[in-house]
Amino acid sequence: MHDSTTLLVEVGALLLLLGVLGRLSRRVGLSPIPLYLLAGLAFGHGGLLPLAASEEFFAVGAEIGVILLLVMLGLEYSANELVGNLRSAAPAGLIDGVLNALPGAIFALLLGWDWVAALVLGGITWVSSSGVIAKVLGDLGRLGNRETPVILSVLVIEDLAMALYLPLVTAVLAGTDLLGGGIALTVAVGTVLLVLVLAIRYGHLISSALSAKDPEALLLGVLGLTLFIAGLAAKLQVSAAVGAFLVGIALSGPVAHHATELLSPLRDLFAAVFFVFFGLVTDPRDIPPVLLPALALAVITMATKTLTGYLAARRVGIAEPGRWRAGLALVPRGEFSIVIAGLAVAAGSVEPRLAALATAYVLITVVTGPMLARLPDFPWFKRWLRNRAAAERREPVPIHD
């Protein structure tokens, strides 16, 4: 057991360091996410100065961080907008699964792993990190962009798909029979549909029960409701992120506006904790042996994920710069990938190198993803897009004899 004073010292010192790193990153025009991850690596298992006393605090804080990131995303959109976007983005969701899950599964088979490991690695490469992407969009000021609903729709479809995938892969890893797996899948589907219907039909009642005039009561009410629904969703084998997102969708009007203002500082704090915790639980010594395979897999699936977002944005008429912003924003993988790898490790029946490969893979995409997301803002990239558009508009010169 560690005394409370050690906990306060460790947490205080690390948060102070994060404040310095966040300020430094913004001065040089970069997202602070890579620096937060590197700080976690430096002070986690196998790092320069392991911090043991505060690990449990950061574990809980990381869960809250993902939940707050998703509820804040949900507050940006109404239930009707969500349903419309899901309908229009369903084909993009199918393309997303094919382009990004299949490379992971094939890569596992090429490494000589069995089909269970292939199923797990396919899930790891499939789903983008809602938490990282939400933070990147906020940092870059793109929450109001035209392509953001497309990005959000792809993320929501992935999160809803995880509500079906996680019970399935859990049953496979545990060796559960077909009946047990079917029951788990049915419960997950039913829960998602129930929460979605309640959010659409009765969301206005939830908003009316929360007073926008009392900031303290509103903050406690929205935060408590979000954590409760997220925890309940997780208990029912549905993503806590989906539950939090649907709470944000259910709130509307002045309540949603004031809740966004009140929750923003908490989101920033716990989002930083989430990224640090990801680094804290990663042992840097496990990464070098699997670095080259992880790098190859990352390059392949970053390209396929960029293509996914590009095609999804083009399908709804987004202009060329927005297509690239959508594609590059979807690159990072994160919380779900780590959860899937954790399930496989806990089962103890899959390839032992899977956990290290997944960690290195996620770190590569999470570190490079926020940097790639800034590419469309660079002048040289904008010039390239203009030259490309001009070349496409230029009529071919006729050839005369």
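Is Arg-142 buried or exposed at 3% relative accessibility? Arg-142 counts as buried, where buried means under 20% relative accessible area, exposed over 50% and partly exposed in between, with a 1.4 Å probe and protein chains only.

This is a predicted model, in which local features need pLDDT of at least 70 and side-chain atom pairs count only at pLDDT 80 or more, while totals for chains, interfaces and linings use all residues. Residues are numbered from 1 along each chain as its sequence is written, and side-chain values use heavy atoms, with hydrogens and water left out.

**Overall fold**

The protein chain contains 16 helices and zero strands; helices (H or I, at least four residues) and strands (E, at least two) are DSSP runs numbered from the N terminus. Of its 401 residues, 50% count as buried. Contact means heavy atoms within 4.5 Å. Among contacts in the protein chain with a separation of 6 or more, 84% come from residues 24 or more positions apart.

Helix α6 spans residues 130–139 and includes Ser-130. Eight of the 10 residues of α6 are buried, among them Gly-131, Ile-133 and Lys-135. Ser-130 is also buried, at 1% relative accessibility. Beyond its neighbours within four places in sequence, Ser-130 is in contact with Leu-70, Leu-155, Asp-159 and Glu-335. At the start of α6, a side-chain oxygen of Ser-129 comes to within 3.1 Å of the backbone nitrogen of Val-132.

Just after α6, Gly-141 has a positive phi of about 65°. Arg-142 belongs to the loop between α6 and α7 (148–174). Not counting residues up to four places away in sequence, Arg-142 touches Leu-137, Glu-147, Thr-148, Arg-325, Ala-373, Arg-374, Pro-376 and Asp-377.

**Helix packing**

Two packed helices are described by the angle between their axes and the distance between the axes. Axes are lines fitted to C-alpha atoms, for helices over the stretch in contact, and angles run from 0 to 180 degrees between N-to-C directions.

| Helix pair | Angle | Axis distance |
|---|---|---|
| α5 (residues 115–126) and α15 (residues 354–373) | about 10° | 11 Å |
| α1 (residues 4–27) and α11 (residues 253–280) | about 105° | 11 Å |

Helices α5 and α15 are therefore roughly parallel, and α1 is roughly perpendicular to α11. Angles under 35 degrees count as roughly parallel, over 145 as roughly antiparallel, 65 to 115 as roughly perpendicular and the rest as oblique.

Val-120, Leu-121, Ile-124 and Thr-125 of α5 make the contact with Leu-354, Leu-357, Ala-358 and Tyr-361 of α15. By class, that contact of α5 with α15 has seven nonpolar, one polar and no charged residues. Here Ala, Val, Leu, Ile, Met, Phe, Trp, Tyr, Cys and Pro count as nonpolar, Asp, Glu, Lys and Arg as charged, and the others, Gly among them, as polar.

In the other pair, Leu-14, Leu-15 and Leu-18 of α1 meet Leu-269, Ala-272, Val-273 and Val-276 of α11. The contact of α1 with α11 has seven nonpolar, no polar and no charged residues.

**Aromatic residues**

The structure holds six aromatic pairs. Rings of Phe, Tyr and Trp (its six-membered ring) pair if their centres lie within 6.5 Å; planes under 30 degrees apart count as stacked, over 60 as edge-to-face and the rest as tilted. The rings of Trp-324 and Trp-384 have centres 5.7 Å apart and planes at 70°, so this pair is edge-to-face. The pair links Trp-324 in helix α13 (residues 320–329) with Trp-384 in helix α16 (residues 379–393), 60 residues apart. Trp-384 is partly exposed, with a relative accessible area of 37%. Tyr-310, Trp-324, Trp-380, Phe-381 and Trp-384 form one aromatic cluster.

Key
Polar contact = N/O pair within 3.5 Å; in protein donor to acceptor, adjacent residues only side chain to side chain.
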